[in-house]
Structures are given as C-alpha cells and as structure tokens.
Amino acid sequence: MNTTPSDMSRDLVVFDIGDREFAIDNSAVCDIRDWAPATTLPHRPRHIQSVITVDGAVVPLVDMSLQLGLGRADPCQRHTIILVRPASGLTALLVDEVNRPIAVEPARIQPVAGLAPEKTLISSMVTLEDRMICFVELNALSGNVESEAA
C-alpha cells in the first residue's frame with residue numbers, strides 16, 4: 001500500500017483570539033456553534049466563563065482568552081463556541097472566530113524546547129510558510145480545569 005504525504009497529514013481546526021492564531025486537533029472537535037447566552041456560575045474557577053447545555057448535558061464554557069493569558073473575553077455575538085472532548089469530558093471553548101480547517105504534515109508541528117505537553121497549554125507551534133500557529137494541548141486544558149476546580 002502506497003502512502004502519500006496527504007495521507008499522513010494531521011487535520012487541525014484553527015481559531016483566533018484577538019490577532020493570534022491557535023489550533024486544536026480536529027479529532028477532538030465535536031461541534032462548532034455560534035455564541036449564545038450562557039448561565040454564569042458563582043464560585044467557579046476563574047477561566048470557566050459559564051455553562052451551556054448541549055443535548056441536555058450541562059457543559060463548562062472555558063474562556064480561552066483568559067486561559068491563554070490574553071485577558072478575559074466579553075462574550076458577544078461575534079464569538080464562537082467549539083465543543084471538544086478532551087480526556088476530562090465534553091468542554092465548550094469560547095473563541096473569537098473559527099477559521100477553516102487545515103491539514104498539515106506532522107513534521108510541521110514543532111515542540112517548543114523546555115515545555116512539557118502535559119503541563120502547558122501551548123507546547124508546540126505549527127510552522128507554515130507565512131505564519132506560526134500555537135498548538136493547544138487539550139489534555140493540558142482538562143488538567144487545568146480539574147486543578148482549578150479543586
């Protein structure tokens with residue numbers, strides 16, 4: 001069986017927060033939705049914006065801007081919600097905008113020296129000809145959600 005370079009590509013969903021680009025593995029994405037009002041929780045971890053219901057289940061809405069150290073988002077109609085399923089279960093990510101998916105060769109996802117993927121949200125960069133995109137480690141996100149909630 002012949003394997004072509006396109007067969008070995010990794011599909012990523014790229015999203016914006018401000019003027020920065022981030023990517024997550026497409027295999028973890030369950031759905032992409034327009035922003036809708038959510039319910040704020042008292043005494044919540046600081047990066048949890050609120051909760052939404054998805055098919056009858058209550059799901060945390062993570063403020064990715066705050067989680068990535070870029071300041072708290074002020075949710076409005078221009079925002080988008082990405083539903084993902086990391087190791088900790090279904091989670092909603094609040095982002096500014098979702099761009100079209102991209103396919104990249106695994107060699108284009110380069111680790112950042114000294115950063116452990118299980119302990120930091122950004123441990124790799126996607127290198128393209130004209131830009132670099134921060135790769136978000138969703139399982140590190142779920143670890144941060146669990147540790148802040150405790």
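The model is predicted: local features require pLDDT of at least 70 and side-chain atom pairs count only at pLDDT 80 or more, while totals for chains, interfaces and linings use all residues. Residues are numbered from 1 along each chain as its sequence is written, and side-chain values use heavy atoms, with hydrogens and water left out.

**Exercise 1.** State how many salt bridges the structure holds, and characterise the one formed by R10 and D25.

*Solution.* Step 1: a salt bridge is defined as a side-chain nitrogen of Lys or Arg within 4 Å of a carboxyl oxygen of Asp or Glu. Side chains of opposite charge can pair when their charged atoms come close.

Step 1: the structure holds 5 salt bridges. In one of them, the side chains of R10 and D25 meet at 2.8 Å, N to O.

Step 2: R10 belongs to strand β1 (residues 10–17) and D25 to strand β2 (residues 20–25), 15 residues apart, and the pair links distant parts of the chain. Helices (H or I, at least four residues) and strands (E, at least two) are DSSP runs, numbered from the N terminus.

Step 3: buried means under 20% relative accessible area, exposed over 50%, and partly exposed in between (1.4 Å probe, protein chains only). R10 counts as partly exposed because its relative accessibility is 30%, whereas D25, at 19%, counts as buried.

**Exercise 2.** Locate the partners of the salt bridge between E21 and R131.

*Solution.* Step 1: the closest N and O atoms of E21 and R131 are 2.8 Å apart.

**Exercise 3.** Determine for D96 and R78, which meet in a salt bridge, whether each is buried or exposed.

*Solution.* Step 1: the N to O distance between the two side chains, D96 and R78, is 3.5 Å.

Step 1: D96 is buried, with a relative accessible area of 15%. R78 is exposed, its relative accessible area being 53%.

**Exercise 4.** Describe the setting of V29 in strand β3.

*Solution.* Step 1: strand β3 comprises residues 29–34 and includes V29. With a relative accessible area of 19%, V29 is buried.

Step 1: contact means heavy atoms within 4.5 Å. Leaving aside neighbours within four places in sequence, V29 is in contact with V13, I24, I82, L83 and V84.

Step 2: V29 and L90 are 61 residues apart in sequence and 9.7 Å apart in space, C-alpha to C-alpha.
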